[in-house]
Amino acid sequence: MAEGAGRWGRRAVLRRTALLAGGAALGAAATSQTSRIADRRLPLAGGPASATLGSGHQQVGSGAVEVIWGVRTTDRLVALTFDDGPLPQWTPMVLDALDRLAVPATFFLVGARVREHAALLRGRLGRHEVGNHSWAHHDLARLDAHAAYDDLRRSHDAIAEVAGVAPRLVRPPWGHLGGAVLHAAARLDYRLVLWTLQMVEGEFPHDPAGHARRIVADVQPGTILLGHDVGTERRLVALRGLPDMITGLRARGYTFVTVSQLLGHATVV
């Protein structure tokens, strides 16, 4: 009896454990499902998914917005881009490396950080291009058309004041697109720039040279390369390997250009 009772006791424990595990899984699924339902209930007309605003005349600048991942070209050109700055320690490290090697880049700037750290940029953007990366790095794809425009316009004004030139490019945080983002970009006469290739710092912990070799091998003509001049410690792998990356690409015959310069070399199909 004692042995049988122990066996049944063990079965009860296992059954309870399975029920608890199943409950946790159901809870996680329910949370995910709730999030999906909440997203589905976001308003379509005038909401994040809508690329139109009301039933009146659409005030959208030139009336079109171009979305770019890269450029088709036979020229060995690559556009180096950096997102999320400026921040102390990070952005100066990038600018110093680019200055030493006379390399232009395109910086997609966060407006609130531009306001706070304007001194990091003043006088240092001569060969570089600036783009808009939102006011505070919130997900613009969850905002309605009015809010997305207000966010980008606020950042636009801050960047123009500090850089001395108005941005003509926008890259939404995380590359998230929605109708409202497209509408806001069109209103501001922006080109919407994503990327062809992203730096993969997490795959090369403590190995800047290895990371540089990986990027050099993967670049193709017309690549828009995404890096960051803010972040966690692991992202320093890419920044510390930036000189090797640049010299490696130059050894392969590549020339560095800004995004707008790259777009001027697109092959007409």
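Mentor: Ser134 counts as buried, because its relative accessibility is 0% (buried means under 20% relative accessible area, exposed over 50%, partly exposed in between, with a 1.4 Å probe and protein chains only). Please note that this is a predicted model, in which local features need pLDDT of at least 70 and side-chain atom pairs count only at pLDDT 80 or more, while totals for chains, interfaces and linings use all residues. Residues are numbered from 1 along each chain as its sequence is written, and side-chain values use heavy atoms, with hydrogens and water left out.

Trainee: Where is Ser134 found?

Mentor: Ser134 is in the loop between strand 4 (129-132) and helix 4 (145-163). Helices (H or I, at least four residues) and strands (E, at least two) are DSSP runs, numbered from the N terminus.

Trainee: And what is Ser134 in contact with, leaving aside neighbours within four places in sequence?

Mentor: Its contacts are Leu109, Val110, Gly111, Leu140, Asp151, Leu152, Ser155 and Pro173, where contact means heavy atoms within 4.5 Å.

Trainee: Now the helices. At what angle do helix 4 and helix 5 cross?

Mentor: Their axes cross at roughly 50 degrees and come within 8 Å, helix 5 being residues 179-187. Axes are lines fitted to C-alpha atoms, for helices over the stretch in contact, and angles run from 0 to 180 degrees between N-to-C directions. The two helices, helix 4 and helix 5, are therefore oblique to each other (angles under 35 degrees count as roughly parallel, over 145 as roughly antiparallel, 65 to 115 as roughly perpendicular and the rest as oblique).

Trainee: Which residues of helix 4 and helix 5 meet?

Mentor: Ala145, Ala148, Tyr149 and Leu152 of helix 4 meet Ala180, His183, Ala184 and Arg187 of helix 5.

Trainee: Changing topic, is Thr223 buried or exposed?

Mentor: Thr223 is buried, because its relative accessibility is 3%. This residue belongs to strand 8 (residues 223-228).

Trainee: What lies 2.7 Å from a polar atom of the Thr223 side chain?

Mentor: That is the backbone oxygen of Gln220.

Trainee: Which residues does Thr223 contact, apart from neighbours within four places in sequence?

Mentor: Thr223 is in contact with Leu77, Val78, Ala79, Thr196, Leu197 and Leu262.

Trainee: Lastly, how far apart are the axes of helix 2 and helix 8?

Mentor: The axes of helix 2 (residues 90-100) and helix 8 (residues 242-251) are 10 Å apart, and the helices pack at an angle of about 35 degrees. Helix 2 contributes Val94, Ala97, Leu98 and Arg100 to the contact, and helix 8 contributes Leu242, Pro243 and Ile246.

Key. A polar contact is a pair of N or O atoms within 3.5 Å; within protein, one must be able to donate a hydrogen and the other to accept it, and residues adjacent in sequence count only if both atoms are side-chain atoms.
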